[in-house]
Amino acid sequence: MMKPDYQIKSLLKVLSQGVYEKEHIIAMSLLSAIAGESIFLLGPPGTAKSLVARRLKLAFKDGKAFEYLMSRFSTPDEIFGPVSISMLKNEDKYERVVDGFLPTATIVFLDEIWKASPSIQNALLTAINERIFQNGRNTLLLPMKALIAASNELPAEDEGLEALWDRFLVRMVSNCIQSETSFYKMIRQKPVGEIIVPSDLQITDELYETWQNEIHNIAIPDNVCSAVSFIRKRLKEESTKEGNKEMDFYVSDRRWKKCFRIIQTAAFLNGRNAIDLTDVPILFHCLWNTVDVIPSIIDIVASSLTADIDRQMENLQKEIDLAIKKKSQPVKKEENTHNPLEQFTLVSYFYYSIRNFPQGKCLFYKADYNHVDVDKVSDGILYHDEQKRAWIVHAIYTGAPFDYKVRNVQNVRRVKLQKCDGGIIIDNTPYAFERTMPLSMSSSNSLNNSQELFGNGFFTKLTVADNALSLLLKEVVPSLEIIKKLFADSKHLFLSDDDKKIVKKYLDQCDKRTKELEVVIKNAQQLL
């Protein structure tokens with residue numbers, strides 16, 4: 001028997017012949033069909049929405065398709081079949097002739113779905129959710145694998161369409177071709193003949209049922225549950241923000257159950273026995289309710305991939321901030337035997353030199369230090385002084401003397417400043433000043449302070465910064481590298497190039513945050 005991943009990969013290649021920038025919609029439609037879910041396509045006319053349904057029918061052996069363009073005047077007879085006159089006349093039974101209509105179709109395509117009448121909508125609800133159709137006194141089990149609906153608009157509010165809209169788990173936007181290269185390939189393309197799918201690639205009813213049983217056994221690991229918990233929490237937060245509508249971010253328990261089912265199906269069809277994080281981006285297409293919230297949904301889902309890592313980094317940052325803040329508290333007068341500012345090396349008589357500034361030599365104006373507070377963030381300015389060949393940091397306060405110096409220089413930007421013991425915090429990153437004597441001589445009790453602050457057995461012998469750096473480099477960074485490698489090595493059949501670009505962007509951003517935190521911690525080592 002052919003392996004599912006090889007069969008689906010080969011099948012998608014055949015189904016996508018002559019199609020441009022719609023391959024991911026075909027792939028997600030096939031995934032939906034195998035998962036037993038329905039899909040909604042949002043887009044203007046002429047964007048190959050009906051083509052997707054016709055191609056999808058070919059994936060199933062002896063598959064039948066039913067297509068219909070809805071209008072306000074559409075009747076149930078046109079969708080589910082006309083009433084049998086002979087049955088009504090001879091046997092006094094109200095039954096429909098269903099052959100050739102929705103109740104006998106493998107793949108159903110309904111265009112302009114929201115124009116359906118209430119009677120059609122009610123029948124569709126049962127058909128989509130339970131895969132049954134009540135034909136008179138008989139209950140028909142539907143062979144329908146997926147219902148593909150399309151429209152150039154979303155359902156109108158307060159018209160009773162919410163229940164039907166909720167039945168479409170997968171929701172995708174079908175746009176016109178964006179790439180000029182793909183556009184002219186489509187223009188120059190000769191008519192595509194009939195697509196023939198080899199019989200060994202087609203999905204039989206027996207194979208379909210076998211797959212359903214195997215999909216139920218796909219494991220759901222804890223890290224995926226953690227990512228989904230993050231998504232659920234963020235959705236609740238977004239729904240309570242001012243200006244947002246609660247229902248725009250609402251996901252019912254039924255939809256969550258179906259979401260796990262479809263990513264289990266994706267894992268199975270990719271040849272795995274467990275879901276992993278590469279399946280999570282499929283939720284890009286399952287959680288949005290209006291077009292306006294799509295960017296927010298993408299941000300939430302993509303952020304969930306590194307949520308645990310970001311949480312660890314946030315905790316490390318808090319520990320560093322707390323340690324620096326404690327060390328920056330004023331000492332008792334009898335302990336302060338000398339002016340601490342005298343410990344810092346002066347440059348050009350007026351500046352303290354900042355250590356480990358990432359952009360090169362950096363100086364802080366000495367007179368401004370008294371205008372920066374330990375407990376309060378204040379405004380500052382950073383600019384490059386060509387004459388001194390250094391970056392200069394000034395605090396902004398009434399009467400600050402730097403304004404005339406920076407009017408004509410480039411690379412000027414605002415920064416946030418906060419005082420800390422032994423240096424300055426610039427945009428949440430602590431930096432130590434160069435000292436006239438080693439830190440160990442000028443602050444011999446710093447190690448003891450760290451031990452006192454974290455005397456719970458976790459941070460005991462080393463400084464807070466030492467332990468934080470060790471945790472970052474030995475646990476946090478390797479965890480991120482595992483995720484990056486997971487996506488880099490993945491040949492996921494149902495993630496589009498755009499999906500992969502989004503994921504890469506968020507992983508790169510997380511990687512950047514780890515490097516920034518490493519700088520913060522290494523700078524903190526000079527302070528603690």
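**Salt bridges and a charged patch**

Let's start with E67 and R54, whose side chains meet in a salt bridge at 2.7 Å, N to O. A salt bridge here is a side-chain nitrogen of Lys or Arg within 4 Å of a carboxyl oxygen of Asp or Glu. The pair links distant parts of the chain: E67 sits in strand 2 (residues 65-69), R54 in helix 3, 13 residues apart. Helices (H or I, at least four residues) and strands (E, at least two) are DSSP runs, numbered from the N terminus.

A word on the model. It is predicted: local features need pLDDT of at least 70, side-chain atom pairs count only at pLDDT 80 or more, and totals for chains, interfaces and linings use all residues. Residues are numbered from 1 along each chain as its sequence is written, and side-chain values use heavy atoms, with hydrogens and water left out.

By this rule, the salt bridges number 25. Next pair: D299 and R234, at 3.0 Å, N to O. D299 lies in helix 12 (residues 294-304) and R234 in helix 10 (residues 222-239), so this bridge ties together parts 65 residues apart in sequence. D299 is partly exposed at 25% relative accessible area. R234 is buried at 18%. The cut-offs: buried is under 20% relative accessible area, exposed over 50%, partly exposed in between (1.4 Å probe, protein chains only).

R272 is partly exposed at 22%; D276 is buried at 15%.

Now a network. Salt bridges link E481, K484, D511 and K515. T514 belongs to helix 18 (residues 497-525) and is buried, at 4%.
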